[in-house]
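Trainee: I would like to go through this model with you. Can we take it piece by piece?

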Amino acid sequence: MLDNKNKSTNTSEEETELWQDFLSITPDPPERRDKCESCKRPKVVCWCPSLPHPPLIVKSSVVILQHPAEEKRTLRTALMLQLGLSAGTCIVYKGKRFPGPRNQHELEPILKAPYSLLLYPSKTSVPLETIKQQIISGSVPLPGPPRTFTLVLIDGTWPQAKAIYASSPLLHRMLQVKLIAAGCSDYIIRTQPTEGCLSTLETAAQSLALLEDRPELRELLVKPLHMLCKYQLDNGAVEHQSKEFRIKHQQYPKQIGKRLNRLLNYSAICRKESKEAQVDLATNILYCEQEKT
């Protein structure tokens with residue numbers, strides 16, 4: 001009987017302590033880390049100090065068609081591009097079909113403009129590296145010499161980008177371009193499908209460097225990404241190799257699916273086109289020098 005009374009007393013005391021702990025919980029949510037007003041990241045991991053100051057002024061403009069799921073990603077790069085360029089240079093539209101009911105009046109004239117370039121690897125896309133020369137030569141039929149361009153990018157995973165393109169007929173009628181000398185991504189804390197796959201920021205930065213004839217633009221715009229990756233690596237993240245790299249070195253543990261196989265084939269085609277373009281450029285330079293002499 002005495003043991004039962006002791007057990008009952010202990011249980012009662014434990015319940016009382018539990019209730020006291022419960023009642024001591026404040027109804028207010030716990031304090032969160034202070035966030036930067038610009039990049040919306042906690043101030044201790046803010047990458048704004050690496051942004052160009054003042055923001056870069058370019059002749060071209062950038063339009064990003066962003067899948068709604070991208071906004072939920074914590075390590076997205078489109079905002080880096082917006083903050084790195086002067087106000088109004090880079091505009092982001094969100095949706096799964098473009099133009100949509102909310103932005104049709106504003107976006108449709110942009111997508112229909114002759115000097116708006118859709119960066120998308122379709123069968124009809126032409127190398128961005130040579131777009132100006134092709135316009136001047138007439139191989140790409142556009143009215144007059146190259147003017148200021150509007151670069152249109154789709155921001156999302158490959159399946160999301162493909163779905164946006166498929167459901168947006170107006171995008172199919174745009175002049176479509178591709179980067180054939182993309183190089184490897186600096187976004188080393190994220191696994192890319194192939195060696196030539198770049199983040200939204202890197203793609204836009206490299207494209208602007210080509211269109212503006214300002215090679216330094218890529219390095220200046222990508223600095224926030226370098227800062228982000230460094231912080232993540234210093235705090236436990238690991239460097240990622242592309243799936244293409246892992247396949248080449250027999251480190252890829254899965255079976256190669258159809259989508260990845262198509263990307264690998266496309267990457268190989270781009271590398272071949274890049275080499276051919278470099279040979280053509282060297283030939284043209286040699287020809288021009290011979291003409292001068």
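Trainee: Which residues of H8 are buried?

Mentor: A word on the basis: this is a predicted model, where local features need pLDDT of at least 70, side-chain atom pairs count only at pLDDT 80 or more, and totals for chains, interfaces and linings use all residues. Residues are numbered from 1 along each chain as its sequence is written, and side-chain values use heavy atoms, with hydrogens and water left out. Helices (H or I, at least four residues) and strands (E, at least two) are DSSP runs, numbered from the N terminus. Buried means under 20% relative accessible area, with exposed over 50% and partly exposed in between (1.4 Å probe, protein chains only). In H8 the buried residues are Leu217, Arg218, Leu221, Val222, Pro224, Leu225, Leu228 and Cys229.

Trainee: Where in H8 does the kink lie?

Mentor: A bend is the angle between axes fitted to the seven residues ending at a residue and the seven starting there. In H8 the kink is about 40 degrees.

Trainee: Which residues does serine 50 touch, beyond four places away in sequence?

Mentor: Serine 50 sits in the loop between helix H1 (2-23) and S1. Serine 50 counts as buried because its relative accessibility is 15%. Contact means heavy atoms within 4.5 Å. By that cut-off, serine 50 touches Lys223, Pro224 and Met227.

Trainee: Why do the buried residues of H5 line one face of the helix?

Mentor: Helix H5 (residues 158-166) buries Gln160, Ala161, Ile164 and Tyr165. The arc is taken from the directions between the helix axis and the C-beta atoms. Seen down the axis of H5, the buried residues line one face because they fall within an arc of 135 degrees.

Trainee: Which residues touch the most other members of the largest nonpolar core?

Mentor: A nonpolar core is a set of buried Ala, Val, Leu, Ile, Met, Phe, Trp, Tyr and Cys residues joined through side-chain atoms within 4.5 Å. The largest has 47 residues. Its members that touch the most others are Leu81, Leu85 and Ile131.

Trainee: How far apart in space are lysine 178 and serine 207?

Mentor: Lysine 178 is in strand S6. At 9% relative accessibility, lysine 178 counts as buried. Serine 207 is 29 residues away in sequence.
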